[in-house]
Amino acid sequence: VLTTPPTTSPATTPVTTIPETTVPPTSIPTTTLPTLELLPESNGVQTPPDQAVVVIDGVVTDLIVTINEDNSATIEYTGNFIIRIIPVLPEDAVVLADGTSGIRVYRDRTVAIQGEGFAPDTEVEVWINSTPVKLGTALTDSAGAFSKTFDVPPGIELGEHTLTLSGNLADGSLGRVSIGLVVVDVEVDEVVPPPTDDGASG
């Protein structure tokens with residue numbers, strides 16, 4: 001008797017394996033802010049001449065800079081604060097006209113700085129870099145305004161610098177305002193006395 005072995009069909013029910021397309025988890029691209037390169041001591045940000053930025057909570061915001069005819073400059077963060085920089089020249093000084101206008105301060109002279117929109121009755125530190133020099137501090141009044149004249153150091157290098165004002169703003173956040181400026185020299189007209197007649201001419 002022919003016993004035909006039962007044809008056991010191998011149970012290869014093909015499992016439709018979906019190829020694992022490893023879908024990366026939908027990560028929202030975190031726009032990692034470039035690490036701020038802060039200037040030494042002042043913790044400001046290096047800023048090109050005639051431009052200004054403010055750093056609040058690690059975020060840099062460009063400010064509106066207006067350069068006035070009298071060489072003063074107004075730096076404004078609309079709805080927040082205003083800063084004015086007024087370089088002071090002695091009466092006998094001649095500005096070296098280099099054909100450009102911009103924020104200029106004069107070595108070994110003074111610069112008046114005014115501000116509005118800061119927290120009341122707080123200190124605002126004023127620094128100048130590249131080599132960090134603390135020009136001093138100003139105290140705001142009950143309205144959050146200040147006005148103070150600072151000495152520009154005689155030994156400061158000529159050229160581009162960053163002025164940084166650091167203080168609490170009206171909303172309580174710490175703001176660091178960095179302003180790019182150029183330090184220049186002044187020439188003082190020396191009055192040459194007329195030659196004196198010493199009687200030798202007979």
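1. Thr-47 is found in the segment before strand S1, which covers residues 52–56; a strand here is a DSSP run of E with at least two residues, and strands are numbered from the N terminus. The model is a predicted one, in which local features need pLDDT of at least 70 and side-chain atom pairs count only at pLDDT 80 or more, while totals for chains, interfaces and linings use all residues. Residues are numbered from 1 along each chain as its sequence is written, and side-chain values use heavy atoms, with hydrogens and water left out.

2. For the overall picture, the protein has 14 strands and zero helices, a helix being a DSSP run of H or I with at least four residues. Of the 202 residues, 34% count as buried, a word that stands for a relative accessible area under 20%, taken with a 1.4 Å probe and the protein chains only. Among contacts (heavy atoms within 4.5 Å) between residues at least 6 apart in sequence, 58% join residues at least 24 apart.

3. Returning to Thr-47, this residue is buried because its relative accessible area is 7%. A polar atom of the Thr-47 side chain lies 2.7 Å from the backbone oxygen of Val-45. When neighbours within four places in sequence are left aside, the residues in contact with Thr-47 include Ala-52, Val-53, His-161, Thr-162 and Ile-179.

4. Asn-129 belongs to strand S9, residues 123–129, and it counts as buried because its relative accessibility is 2%. The side chain of Asn-129 has a polar atom 3.1 Å from the backbone oxygen of Pro-40. Not counting residues up to four places away in sequence, Asn-129 touches Leu-39, Pro-40, Ser-42, His-161 and Thr-162.

5. The structure holds one cavity of 30 Å³ or more, where a cavity is a set of points, on a 1 Å grid over the protein atoms alone, at which a 1.4 Å probe fits but cannot get out. The space in the largest cavity is about 40 Å³, a volume being the space filled by probe spheres set on the points, which are joined across faces, edges and corners. Its lining residues, those with an atom within 4 Å of a point, are Val-105, Val-111, Ile-128, Leu-135, Val-152, Pro-153, Leu-163 and Leu-181. This lining divides into eight nonpolar, no polar and no charged residues, where Ala, Val, Leu, Ile, Met, Phe, Trp, Tyr, Cys and Pro count as nonpolar, Asp, Glu, Lys and Arg as charged, and the others, Gly among them, as polar.

Conventions: Buried < 20%, exposed > 50% of the residue type's maximum accessible area, 1.4 Å probe, protein only. Polar contact = N/O pair within 3.5 Å; in protein donor to acceptor, adjacent residues only side chain to side chain. 1 Å grid on protein atoms, 1.4 Å probe; cavity = no way out; pocket = protein on both sides within 12 Å on 5 of 7 lines; lining within 4 Å.
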